[in-house]
Amino acid sequence: MKRIQADERNVSRRQAMRLAALGAAMATVPNVLAADVAPATASAELDADLALALKACKAHPVITPAKGFGDVSRGTPKPHSLKGQAAIDARLTPESWRLEITADPFMEAPHTKTPASLTKQFTLADNTAIDLPALMELGKKHEVHFLKAIQCLNIETPLGQGMWTGVPLREVLRLCGKMNNVRRVYYWGFHNNDEKQIFKSSLSYTQGMETAPGELPAFLAYRLNGEPIPPERGGPVRMIIPWSHGYKSIKWLQHIFVTNDARNQDSYANNNNDPDSYLKTAAYVHEGPPKLKAGDAVTLTGTVICGLSGLKRVEYWVRKVQGNPPRMEYDDPELLNAPWKPCVLAPQPDWNTALPRGVKPTELLGFDAATGQPHSWPTRYGMCAFAAVIRGLEKGKYEIRARTVDMNDFAQPEPRPLQKSGRNAIQVWTVELV
Ligand SMILES: Nc1nc2c(c(=O)[nH]1)N[C@H]1C(S)=C(S)[C@@H](COP(=O)(O)O)O[C@H]1N2
Ligand SMILES: [Mo]
């Protein structure tokens, strides 16, 4: 365990090197699979099992095609189902798309004593709303690219990971000239002209305007995986909030609205959700078959998100059970004291060929501008596959769990056992060996 911690940043690189030199340098193998094999056969089986685990990871590429995402879209009819003239009228085509930026006149003592104001507003009414060529013109100077995992705060499976390209929100807001008394920035998308269908999110002024060195800006994306963003994924323009859950990344973006009301009134704030969430470091298990043949290798796979607290490792635990045991609490002493063992992470792809349409890894946020290597693996607020090959299980029923340990040594779901700040319960695959 210690050894893995010492070179945790390079676990996957090391795995790749191992694969390239099967049979050599046995001492550097993490003790991922070692405990399950007899000492005499350890070398060969260890290599075979590591190869098997890495192969299992390979089935889950790092970039999800636009069509492969899970979908969470409100509205009746769904905005992306509008076709032809209806899509043009909704300003959901590249030519008809417009962005309004306005200031909130709202005042109410004691929390909002003066209204927000902008030197310049952009509106449809006076024909000043921003169009796509204007946004892309800003992109020529300020374009950013970011690999992001889209994860719904309320769904247990990540929806997909894409390379998003666009312009930082701060550059768009700077078009407004002087901003006075702006404490929050709201934004929403097309909503079928029905107020009740508005789905809005917000940032504090600082989150919108400032990005610390090495940190990630909120941005208005106009490309996904190097192509125009398809309607299903929120095109022509979608807000991308790199650090947050899906609800902050508003699709079919059309309105930015600055206010001096500092209270968070995101649509998501109404439903007991954390309206300022950051992605949580967590492992999500791909449920395998309910039955396998005893004696065969059992391969566990899943997806791990590198959230706010970073990722130290992913680990699994195999528990033999009888019948149908009750659901296990996250703080059950048996679980906390269980013999968890490390999983293998998917190796990093060759970044020079993995990225869409000629984008260089040195240009990606979160990647080193000199070496083109990401600052962490999986990338920050990104995800990759993990796997473990388990041997030596006799006939019977087993619960197989996976969890993350973050850089602060918190094991999932800690420190967020409350699932309304991001679903991250420990997931289980129940399998019977027959
Ligand atoms: N305009 C709009 N944007 C939206 C939503 C929506 O319903 N309407 N759903 C949000 C939520 S809750 C999630 S989880 C993500 C899902 O993104 P996806 O459908 O591209 O996977 O989109 C977000 N953006
Ligand atoms: Mo969501």
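A polar contact here is a pair of N or O atoms within 3.5 Å; within protein, one must be able to donate a hydrogen and the other to accept it, and residues adjacent in sequence count only if both atoms are side-chain atoms. Keep that in mind for the tour.

Before you click, note that this is a predicted model, where local features need pLDDT of at least 70 and side-chain atom pairs count only at pLDDT 80 or more, while totals for chains, interfaces and linings use all residues. Residues are numbered from 1 along each chain as its sequence is written, chains are lettered from A and ligands numbered from 1 in the order in which they are written, and side-chain values use heavy atoms, with hydrogens and water left out.

**Stop 1: strand E20**

Select arginine 403, which lies in strand E20 (strands, E, are DSSP runs of at least two residues and helices, H or I, of at least four, numbered from the N terminus). Show side chains, and you'll find the one of arginine 403 making a polar contact with the side chain of glutamate 315, at 2.7 Å. Is arginine 403 buried or exposed? It counts as buried because its relative accessibility is 9% (buried means under 20% relative accessible area, exposed over 50%, partly exposed in between, with a 1.4 Å probe and protein chains only). Leaving aside neighbours within four places in sequence, arginine 403 is in contact with residues including Ala283, Leu335, Trp340 and Ile426 (contact means heavy atoms within 4.5 Å).

Now move to valine 405, also placed in E20, which covers residues 396–406. At 3% relative accessibility, valine 405 is buried. With neighbours within four places in sequence set aside, the contacts of valine 405 include Leu311, Lys312, Phe410 and Ala411.

**Stop 2: ligand 1**

Next, select ligand 1. Which residues are closest to it? Of the 18 that surround ligand 1, the closest are Gly70, Arg74, Arg233, Arg238 and Lys251 (a residue is near a molecule if one of its heavy atoms lies within 4 Å of it). Arginine 238 brings in a polar side-chain atom, 2.8 Å from an oxygen atom of ligand 1. Taken alone, the ligand exposes 530 Å², and the protein buries 99% of that.

**Stop 3**

Most residues other than glycine have a negative phi, and most peptide bonds are trans. Here are some exceptions to look up.

- Glycine 235 to proline 236: this peptide bond is cis, with omega near 5°. Proline 236 is in the loop between strands E10 (227–228) and E11 (238–240).
- Glutamate 414 to proline 415: here too the bond is cis, with omega about 0°. The loop holding proline 415 runs between E20 and strand E21 (427–433).
- Arginine 91: its phi is positive, near 55°. Look in the loop between helix H4 (84–89) and strand E1 (98–103); at 19% relative accessibility, arginine 91 counts as buried.
- Asparagine 181: phi is positive again, at about 55°. Asparagine 181 lies in the loop between strands E6 (179–180) and E7 (184–189), and its 39% relative accessibility makes it partly exposed.

Conventions: Accessible areas come from the Shrake-Rupley method with a 1.4 Å probe; for residues, only the protein chains shown count as cover.
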